[in-house]
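User: I'm new to this structure and would like a close look at one part of it. Could you walk me through a sheet, strand by strand, and then what surrounds it?

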Amino acid sequence: MGEHNRLAEGLRAYRLIAGMWIRSAMTYRVSFVVTVFGNLLVTGLDFVTILLMFSQVDSLGGWTLPEVTFLYGLSVTAFGIADLVFGSMDVLGTRMRDGSFDTLLVRPVPVLAQVGADHFALRRLGRISQGVLVLGWALVSVDVAWTPAKVLLVPVMVVSGAVIFCAVFVAGAAFQFLAQDAAEVQNAFTYGGTTLLQYPPSVFGKDLVRGVTFGLPLAFVNWVPGSYVLGRPYPLGLPQWVAFTPSLVAVACCVLAGLVWRAGLRSYRSTGS
Amino acid sequence: MDTDTDAGTGTGSMDSGFIEVDGLEKVFDVRRKTGFMRRERRQVRAVDSISFSVARGEMVGYIGPNGAGKSTTIKMLTGILTPSGGRLRVAGIDPSRERTRLAHRIGVVFGQRTTLWWDLPLIDSYRLMHRMYRIPDGRYRENLDRLVELLGLADLLDVPVRQLSLGQRMRGDIAAALLHDPEVLYLDEPTIGLDVVSKARVREFLREVNTERGTTVLLTTHDLQDIEQLCSRVMVIDHGRLMYDGALAGLHEAGESERTLVVDLERELPPIDAPPPARVVKVDGPRQWLAFPASESAAPLVARIAAEYPLVDLSVREPDIEAVIAKMLHSLGDIPKPPSQRASA
């Protein structure tokens, strides 16, 4: 059983379990439709906030509305994808408290896939569609001299960003092995992180920007590569090639998150609940 | 790894020790708040050097008071928890190290939490098992048909699980745990909360599975009748230690347990003059309660009362399991425990 094999097994299990949750949700069709639209509208309120701000000012930290919209669209889309894939991991703590986590451990498939697919909810497509709409509008209205590198960077940003957020979800969930009521800590970094990234880095303090660049590397979701695309200097004065590293950062995040998850699972299995 | 026992996969060599437990231990670090930021660390021995072996096809009852270490043992046997010490093999597999491989060979039923899909028809949960465990199509259909027949699930397959009664759901859960032909079935309180009919049905089914497929069954229960009707062997655990391992009859002897004869007389009378060791323990109007040793037959006592008193009705109550265990533990309590075991670091 190599790593590759386990990955394939995990994806297969994820698909099977997510399918069951989708079918469960479909037994309440009306409720499903309502929550998809509700999700789209509620997540869209963040964007309304930005529009309201720009009705009073012309720029935010020196960034124009289309530029902020570009950051917003990237952040929300990337986060939306991660939220769809791993967004329910905060129920892990509940599962450990009520003992149902044990039932996952006696199944012949990877636990991470089971926990990730737990409570899989298609209503989260609402957030993704909203992000894609805003991003699309930003791409046509932003004042950028598009080069092939810049065009290529946009999908790279979305995918790498989604992977970075996934890693944060997994690492945050692993934290629940130590403190089973820690779901809110995880939410602070995921939901909190995406809200942060909806605004330009220049409106925040240097230390915070440093923190999400070198510590929890959320800045690689949109700030760093986005600054390059928009032709703006990154506040920390990083060299330009850094803009092309989001994929590498994403891979590194996955490896770290995987290690943290394993350590968490190991500690659960040696201490119990 | 398996140099001492069960090196072969042939059935013959593994029969004696299908489940092998040797000096199994589980120590939990318990942190307790003693002040605002101060914590006290203490070690709790949930399972304290337990050893036993279960042969293929045995049906064993695993009983003990709450918090005795039953679930901790089961969790180690299924690979959910990693032991702190000792040796453990199920079908030649070290559960904690090869949890996913073991999962294909064991079935687990957690009495109070269902693994079925709440909002979906029962059959959907089985289809998921089919694919998750990669059960060959023919085998799956065969097993499903048999389980549906034995457990009376035919009319329930298309019903969403949330609409099933507790007894129906338990039967559904048991079927789900057996679809992949596990060699061992662990049941945690399989009859808890069920009515008499459902209990009887579950027991009858477990007996059938055991004889028909030779499935090894290990069950924890609070219901002495589960043990009486199913298990030839009982293991009693208390404070993490194995206190008794043997036949149920022996447990009664060790506990000197008593059965109760409830007698309804025609009218209120002074306590019945019963031959010792039987004695009247309670009188309430025309009804009287007599205790007598569980190892003796009730017949002579009943005959004598019927002959000498105006008898209207009577019934015999089996000792309840807690009482039997409590008595047994009490009588064993005089035996000094090995001094090294209880000390915590």
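Analyst: Let's start with one pair of residues: B:Ile106 has B:Val184, in strand 6 of chain B, as its bridge partner. Before going on, a word on the ground rules. This is a predicted model, where local features need pLDDT of at least 70, side-chain atom pairs count only at pLDDT 80 or more, and totals for chains, interfaces and linings use all residues. Residues are numbered from 1 along each chain as its sequence is written, while chains are lettered from A and ligands numbered from 1 in the order in which they are written.

Back to that pair. Strand 5 and strand 6 of chain B run parallel and are joined by 5 bridges; two strands pair if DSSP finds at least two bridges between them. Helices (H or I, at least four residues) and strands (E, at least two) are DSSP runs, numbered from the N terminus. In general, strands of a sheet pair through backbone hydrogen bonds, either parallel or antiparallel.

Now step back to the whole sheet. It is open and has 6 strands of chain B, in the order 5-6-7-3-8-9, with mixed pairing. Strand 5 and strand 9 (241-246) of chain B are at the edges; each has a single partner strand, so one side of each has no neighbour in the sheet. From one strand to the next, the twist averages 15°.

Helix 6 of chain B lies across strand 5 and strand 6 of chain B, at about 160° to strand 5. For such angles, axes are lines fitted to C-alpha atoms, for helices over the stretch in contact, and the values run from 0 to 180 degrees between N-to-C directions. Contact here means that the C-beta atoms of two residues, placed from the backbone, lie within 7 Å.

Follow the chain from helix 6 (166-178) to strand 6 (184-188) of chain B and you pass through a loop that holds B:Asp181. B:Asp181 has a positive phi of about 55°, though it is not a glycine. Most residues other than glycine have a negative phi. B:Asp181 is partly exposed, because it has 16 C-beta neighbours inside 10 Å; the cut-offs are 20 or more other C-beta atoms within 10 Å for buried, 12 or fewer for exposed, and partly exposed in between, with C-beta atoms placed from the backbone.

B:Arg134 also has a positive phi, about 50°, and is not a glycine. B:Arg134 sits in the loop between helix 4 (122-132) and helix 5 (137-151) of chain B, and is exposed, with 11 other C-beta atoms within 10 Å.

Strand 5 has a part in the meeting of the chains too. In total, 26 residues of chain B are in contact with 19 residues of chain A. On the chain B side, the elements giving two or more residues are strand 1 (19-33), helix 3 (99-103), strand 5 (106-110) and helix 4. Helix 4 of chain B gives the most, with 4 residues. By class, that side has 12 nonpolar, 7 polar and 7 charged residues. Here Ala, Val, Leu, Ile, Met, Phe, Trp, Tyr, Cys and Pro count as nonpolar, Asp, Glu, Lys and Arg as charged, and the others, Gly among them, as polar.
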